[in-house]
Amino acid sequence: MAANNTSSHEHQASHGSLKSYVIGFALSIVLTIIPLVVVMNGMLGRTATLLLILIMAVLQFAVQLFFFMHLKDGENARWNMSALVLGIIILLTIVAGSIWIMTYNQVAH
């Protein structure tokens, strides 16, 4: 017996245009090459290089979310963004708590 779907609401997957995919791909390449060139040529000091890599990683994360995962598209965009923010808060809490515990729970000999 075949199931007959008579729902009046049709779900359509939102897909980006070729232009948005090309822009996202180009940004991904640029955000990967910048830290690579800086590290390979020793252009910055250690702290500045680490900071640059961190900034480029965060920007790369944003590009992936908006251009390829369509975070702000569709009918559940608000819920998707809320879930992402909650996940980031939980992640930062765990990482910061772990660093705090490892830093201040050292036993002096």
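Biologist: Does W100 count as buried or exposed?

Modeller: The general idea is a cut-off on relative accessible area: buried is under 20%, exposed is over 50%, and partly exposed is in between, with a 1.4 Å probe and protein chains only. In this case W100 has 55% relative accessibility and counts as exposed. Before going on, note that the model is predicted: local features need pLDDT of at least 70, side-chain atom pairs count only at pLDDT 80 or more, and totals for chains, interfaces and linings use all residues. Residues are numbered from 1 along each chain as its sequence is written, and side-chain values use heavy atoms, with hydrogens and water left out.

Biologist: How many helices and strands does the secondary structure of the chain come to?

Modeller: Elements are DSSP runs numbered from the N terminus, where a helix is H or I with at least four residues and a strand is E with at least two. Here the count is three helices and zero strands, in the order α-α-α from the N terminus.

Biologist: What span does helix α2 reach, and what is expected?

Modeller: The expected span of a helix is 1.5 Å times one less than its number of residues. Helix α2 covers residues 46–68, which is 23 residues, and reaches 32 Å from first to last C-alpha, close to the expected 33 Å.

Biologist: Which residues of α2 are buried, and what covers them?

Modeller: The buried residues of α2 are T49, L52, M56, Q60, V63 and L65. Their cover includes α1 (18–41) and α3 (77–104). Contact, in this reading, is heavy atoms within 4.5 Å. Take Q60, in helix α2: Q60 is buried at a relative accessible area of 17%. Setting aside residues up to four places away in sequence, Q60 touches S28, L31 and T32. With its neighbours within four places left out, L52 contacts I34, P35, V38 and L44. L44 itself sits in the loop between α1 and α2 and is partly exposed, with a relative accessible area of 41%.

Biologist: Which residues make up the largest nonpolar core?

Modeller: A nonpolar core is a set of buried Ala, Val, Leu, Ile, Met, Phe, Trp, Tyr and Cys residues joined through side-chain atoms within 4.5 Å. The largest one here has five residues, namely L31, V38, L52, M56 and V63. The elements giving two or more residues to this core are α1 and α2, and the largest share, three residues, comes from α2.

Biologist: How many aromatic pairs does a search of the whole structure find?

Modeller: Rings of Phe, Tyr and Trp (its six-membered ring) pair if their centres lie within 6.5 Å; planes under 30 degrees apart are stacked, over 60 edge-to-face, and the rest tilted. The search finds two pairs. For Y21 and F68 the ring centres are 6.0 Å apart and the planes are at 10 degrees, so this pair is stacked. Y21 is in helix α1 and F68 in helix α2, so the pair ties together parts 47 residues apart in sequence. Y21 is partly exposed at 29% relative accessible area, and F68 is partly exposed at 28%. For W100 and Y104 the centres are 6.4 Å apart and the planes are at 55 degrees, so the pair is tilted. W100 and Y104 are four residues apart in helix α3, about one helical turn. Y104 is exposed, with a relative accessible area of 64%.

Biologist: Which residues does the UniProt annotation "transmembrane region" cover?

Modeller: UniProt positions are given in the numbering used here, feature names are shortened, and annotations may be inferred rather than shown by experiment. The unreviewed UniProt entry places the annotation on residues 21–44, 50–71 and 83–103. In the model, residues 21–44 are 88% helix and 0% strand, with end C-alpha atoms 32 Å apart. Residues 50–71 are 86% helix and 0% strand, with end C-alpha atoms 28 Å apart.
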